[in-house]
Number of protein chains: 2
Amino acid sequence: MNRVDRDMLACIEAKRDGQELTSRELAAFVRDFTAGRCPDYQAAALLMAIYFQGLSRRETHALTQAMLASGVRADLSDVAGPKIGKHSTGGVGDKVSLLTGPMAAACGVVVPKLSGRGLGHTGGTLDKLEAIPGLRTDLSLRRFARVLGATGLCFAGQTADIAPADKKLYALRDVTGTVAHAGLIAASIMSKKLAENLDGLVLDVKAGRGAFMPDAAGATELARAMADIGARAGVRVTALVTAMDEPLGARVGNALEVEEALALLRGEEPPGCADLQAVCGAVAGAMLVLGGRAATPGEGAARALATLRDGSALARFLAMAEAQGADMATLREARRLGRAPRSHVLRAERDGVVAGVDALAVGRGCVRLGAGRLVKNAPIDPLCGVILRKKTGDRAASGEPLAEIRYSEPAQLEAALPILGTAWDIRMPEDGAPVPGPPPSPVLATISST
Amino acid sequence: MNRVDRDMLACIEAKRDGQELTSRELAAFVRDFTAGRCPDYQAAALLMAIYFQGLSRRETHALTQAMLASGVRADLSDVAGPKIGKHSTGGVGDKVSLLTGPMAAACGVVVPKLSGRGLGHTGGTLDKLEAIPGLRTDLSLRRFARVLGATGLCFAGQTADIAPADKKLYALRDVTGTVAHAGLIAASIMSKKLAENLDGLVLDVKAGRGAFMPDAAGATELARAMADIGARAGVRVTALVTAMDEPLGARVGNALEVEEALALLRGEEPPGCADLQAVCGAVAGAMLVLGGRAATPGEGAARALATLRDGSALARFLAMAEAQGADMATLREARRLGRAPRSHVLRAERDGVVAGVDALAVGRGCVRLGAGRLVKNAPIDPLCGVILRKKTGDRAASGEPLAEIRYSEPAQLEAALPILGTAWDIRMPEDGAPVPGPPPSPVLATISST
């Protein structure tokens, strides 16, 4: 377009009135905002106008590219093999990254994983991995590339120089009521994922009570927006919309989740983990397809799940952990990474069948136990959490344990119990009414950019 | 409501989601924003959410009261007689305040008038009055009350201590694309008018190309919102929606407009002023009804217009001017307040009938000549402006003067001409097609709070 770029006020008014902004205008906004030349109040007004009027696919792509360009990208030119990323929008009991990373790596795919901390009621991969004594995630991008080259797998924190514009913009969205918008969320996620210099990306977009997008329609819209950004950037994307109504697997809490992941990596089949295995198979299967290591998602899932039984995924995990500084004696020899000093059993108050376990309540309860943060940068307690003894479809008799709660301070249990106590929905099916069964496949939809 | 007040972020989210804010929440927002405790970026996000979701009548009233409470009110307890205010939302060639103030005062109504400067393409009463040598408008509220008691009429600038919250909020709206919203405009205007401690208020809400509200529906909505605020505050309001498609009267520019007003006050009937007289009759008539000096709008208009012929309105104007420091020799003896050094005649390029004179183009052209401001607090040239020789419905032959342009610097004429040149819409009616006549009554609607 030959048109003269609009200034910031004209851009706010244009977006307010439902017009598209040009890529140059969005780039100038991100540049000026990051440099402090565009004041926060104008950025806030633009964000709220975007909240109401939306972003076109072209605008979402342009915003992503502008935020990506505000920082550095990982240089993986010395790392051989297809680089396939994986990202989850956040859930409760979500160990999918801990499992699919080593599963895909064991099949010859390189998995560069720049992760975040827990957000709100959801856990974060970095927090989980740091429950392993000695393991460091604060790696430079050079060390990230080195570990990746050596083991095919590396988990590190996003460094400050990756998409700094997104960090600044997210902080503003957080205090101006402009977080929950699919286009803005998509641009934020993808500006960081594209910094990984990927060949392909599998997105696990959560939908349900325990997800940031409660309904499948919203999650699907978000998945489509991210797949489109990937396509425009030349990165193949497969986005799976998966259920996050109840926690994935049976353990929630940082060390507890690493333990459950290790059990699966050892080829065990711990109770309550069918949903987790199903999501891992689908995600890792899609990673193998994008990485050229499988022809179909089904073949990919079968190959990936086989690495749990043959020990090759465990070997990759241990190699990664060692390269990232883990205390290997503890990790190899101990069955447990440690145990919170106290434990409380939550019991059923009536006979019936579990119709649902509210992931949001479990996540919020675990935050109160100390597994997550109520304020930014607060320390967390890696050992606390919840072990689910009953999940959806299970029968429960009055007095039977629903969950075991691990905690350190009685005050934390006291704060968590009223929340955790509401999580289990136990019903006595009326005569003739169907008894709720275990949920169907947790994979609700698959969106592909190609 | 017993509900706990929401914090600022929760208020932004509630408004974003279409919920009402409580009066306490709006009062807290205004208080915190004025005191610097609510950051600009949160205020900007709230304003943009209001732009999209609107304000209920109760919310608009609460916002007005909160902004009013941020400052002082004029103490007019020593001034006898009904205090009836008048406010215009801004037009081009709008001398209605200069005329209706003395007209109503001559009929026994007290007219306390706190005015503003020109905004955008529209003129401001303060700028016009200051074209009279010596006349001061920067009066304290005590002097304002004294002049009012002595002459029944006083024009002064809004002092910094009247509704400071509105000043700060308006400055933010101005740079965040949140000016053009009826509820916010209504609250802004009324927070200042209520500080005049009025018994009644007549609003002249302009609609048309040269108004801030281009369509009559929007202007009517704004008029209703302001009438409702007045009713809730115990002030009777009559709001007239009047046409602002072409300039009112024949002169635009500060000294030129004062001259035209003085000619009307002397009982003359200068060409092109029928629309101006009609609006003045309606506005002053409504002021007399609210002030108990007329039983009906028609009787009020007749009484008010009679003060132009009997010299009583002129006497009030001169008394006010003298009390506000005007150089009375110049004002009484000279036919002109001064004359810009240069003049240019704009001529018709074809034969036809004037179908319209675009008030927005005339207003913008006059700003380029120096009659208004392109940046805040810039000095203005009181003598420049435009004298319209042809208005809607007039026949024009090719080469005939459409307007006389008064200016000081050739560069200013050069900047104004391309804009002014587009203002006259001259058409040759096709055979059988109706020739555009002069516009019907400029009063489009009357809204009353009682």
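Predicted model: local features only at pLDDT ≥ 70, side-chain atom pairs only at ≥ 80, totals over all residues.

Residues are numbered from 1 along each chain as its sequence is written, chains are lettered from A and ligands numbered from 1 in the order in which they are written, and side-chain values use heavy atoms, with hydrogens and water left out.

**Domains**

Let us start with chain A, which is divided into domain 1 (3-54), domain 2 (84-333 + 443-448) and domain 3 (342-431). These bounds come from an automatic or database domain assignment. Between the centres of domain 1 and domain 3 of chain A, taken over C-alpha atoms, there are 44 Å.

**Cavities**

Rolling a probe the size of a water molecule over the atoms shows where empty space is left. Here a cavity is a set of points, on a 1 Å grid over the protein atoms alone, where a 1.4 Å probe fits but cannot get out, and its lining residues have an atom within 4 Å of a point. A volume is the space filled by probe spheres set on the points, which are joined across faces, edges and corners. How many cavities of 30 Å³ or more does a search of the whole structure find? The search finds four.

| Cavity | Volume | Closest to the centre |
|---|---|---|
| Largest | about 180 Å³ | A:H121, A:T122, A:G123, A:A371 and A:G372 |

The lining of the largest cavity divides into six nonpolar (Ala, Val, Leu, Ile, Met, Phe, Trp, Tyr, Cys and Pro), three charged (Asp, Glu, Lys and Arg) and 12 polar residues (the others, Gly among them). Its largest share, three residues, comes from α16(A). Why does the largest cavity lie between domain 2 and domain 3 of chain A? Both domains give residues to its lining, so the cavity lies between them.

For the second largest cavity, the lining divides into six nonpolar, 12 polar and three charged residues. Three of the lining residues come from α16(B), the largest share. Domain 2 and domain 3 of chain B each give at least three residues to this lining.

**A helix pair**

Helices (H or I, at least four residues) are DSSP runs, numbered from the N terminus. In chain B, α5 (residues 96-106) and α13 (residues 297-309) pack at an angle of about 100°, with their axes 9 Å apart. Axes are lines fitted to C-alpha atoms over the stretch in contact, and angles run from 0 to 180 degrees between N-to-C directions. That makes α5(B) roughly perpendicular to α13(B), a term for angles of 65 to 115 degrees.

Conventions:
Helix = DSSP H or I, 4+ residues; strand = E, 2+ residues; numbered from the N terminus. Parallel < 35°, antiparallel > 145°, perpendicular 65-115°, else oblique. 1 Å grid on protein atoms, 1.4 Å probe; cavity = no way out; pocket = protein on both sides within 12 Å on 5 of 7 lines; lining within 4 Å.
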